[in-house]
Amino acid sequence: QVRLVESGGGLVQAGGSLSLSCVASGSIFRMSTMGWYRQAPGKARELVAQISNDGTTNYGDSVKGRFTISRDNTKSTVYLQMNSLKPEDTGDYYCNLSWAQSYWGPGTQVTVSS
C-alpha cells in the first residue's frame with residue numbers, strides 16, 4: 001500500500017518562493033518515478049515536474065528555469081522548489097508516484113497573489 005502526503009502549500013506574493021514536499025509510505029519509492037502535477041480551477045491537471053529513479057528530470061514548459069524537483073530516497077521524499085512564482089502558478093498541487101501503477105496524494109493548495 002502506497003500513501004503520499006504533500007505539504008508546504010500556502011499563499012505567496014508574485015515573485016516569491018515556496019517549497020513543497022511529498023512523503024511516500026511503502027517500499028517502492030526508490031524504484032519509482034515521482035512527479036508533481038497541478039490543477040487550476042476549471043482546467044485540466046498538468047505535469048509540473050517529474051524525476052525518474054535515476055534522477056532524470058522533466059519540466060513543464062511554463063515552469064522551466066523557475067521550479068526544481070529533487071528527491072531524497074533515504075527519506076522517501078520528493079521536493080518541489082518553486083521560485084519566481086506567478087499568479088498563473090495558482091492551483092492544487094498533487095504528488096504522483098508511478099511504478100507499475102500510479103498513486104496520488106490528496107494535494108496541497110498554492111495561491112500566488114498579484
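Trainee: What should I know before we start?

Mentor: Residues are numbered from 1 along each chain as its sequence is written, and side-chain values use heavy atoms, with hydrogens and water left out. Since the model is predicted, local features need pLDDT of at least 70 and side-chain atom pairs count only at pLDDT 80 or more, while totals for chains, interfaces and linings use all residues.

Trainee: How many helices and strands does the protein chain have?

Mentor: There are 0 helices and 11 strands. Both are DSSP runs numbered from the N terminus: helices are H or I with at least four residues, strands are E with at least two. Read from the N terminus, the elements go β-β-β-β-β-β-β-β-β-β-β.

Trainee: What makes the protein chain as compact as a globular protein of that length?

Mentor: Set the value against the rule. The radius of gyration is taken over C-alpha atoms, and the globule rule is 2.2 Å times the number of residues to the power 0.38. For 114 residues the rule gives 13 Å, and the radius of gyration of the chain is 13 Å, close to that, so the chain is as compact as a globular protein of that length. Along the principal axes, its C-alpha atoms fill a box of roughly 40 × 25 × 20 Å.

Trainee: How do you know that Cys22 and Cys95 form a disulfide?

Mentor: A disulfide is a pair of cysteine sulfur atoms within 2.5 Å. The sulfur atoms of Cys22 and Cys95 are 2.1 Å apart, and they form a disulfide. A search of the whole structure finds 1 disulfide.

Trainee: Which parts does the pair tie together?

Mentor: Cys22 sits in strand 3 (residues 18-24) and Cys95 in strand 9 (residues 91-99), so the pair joins parts that are 73 residues apart in sequence.

Trainee: Why is the disulfide called left-handed?

Mentor: Look at the torsion about the S-S bond: it is about -85°, so the disulfide of Cys22 and Cys95 is left-handed.

Trainee: Are Cys22 and Cys95 buried or exposed?

Mentor: Cys22 is buried, and Cys95 is too. Buried means under 20% relative accessible area, exposed means over 50%, and partly exposed is in between (1.4 Å probe, protein chains only). Buried residues make up 40% of the 114 in the chain.

Trainee: What about Ser113: why is it called partly exposed?

Mentor: Ser113 has 26% relative accessibility, so it counts as partly exposed. Its place is in strand 11 (residues 108-113). Beyond its neighbours within four places in sequence, Ser113 is in contact with Leu11, Val12, Gln13 and Ala14.

Trainee: Why does Gly8 count as partly exposed?

Mentor: Gly8 comes in at 32% relative accessibility, so partly exposed it is. Gly8 lies in the loop between strand 1 (4-7) and strand 2 (10-13). Again leaving aside neighbours within four places in sequence, the contacts of Gly8 are Leu18, Ser19, Leu20 and Thr108.

Trainee: What is phi of Ser76?

Mentor: Phi of Ser76 is near 50°, a positive value in a residue other than glycine. Most residues other than glycine have a negative phi. Ser76 is in the loop between strand 7 (67-72) and strand 8 (77-82), and its relative accessibility of 17% makes it count as buried.

Trainee: Where is Ser84, and what is its phi?

Mentor: Ser84 is in the loop between strand 8 and strand 9. Its phi is positive, about 50°, although Ser84 is not a glycine. With a relative accessible area of 41%, Ser84 is partly exposed.

Methods
Contact means heavy atoms within 4.5 Å.
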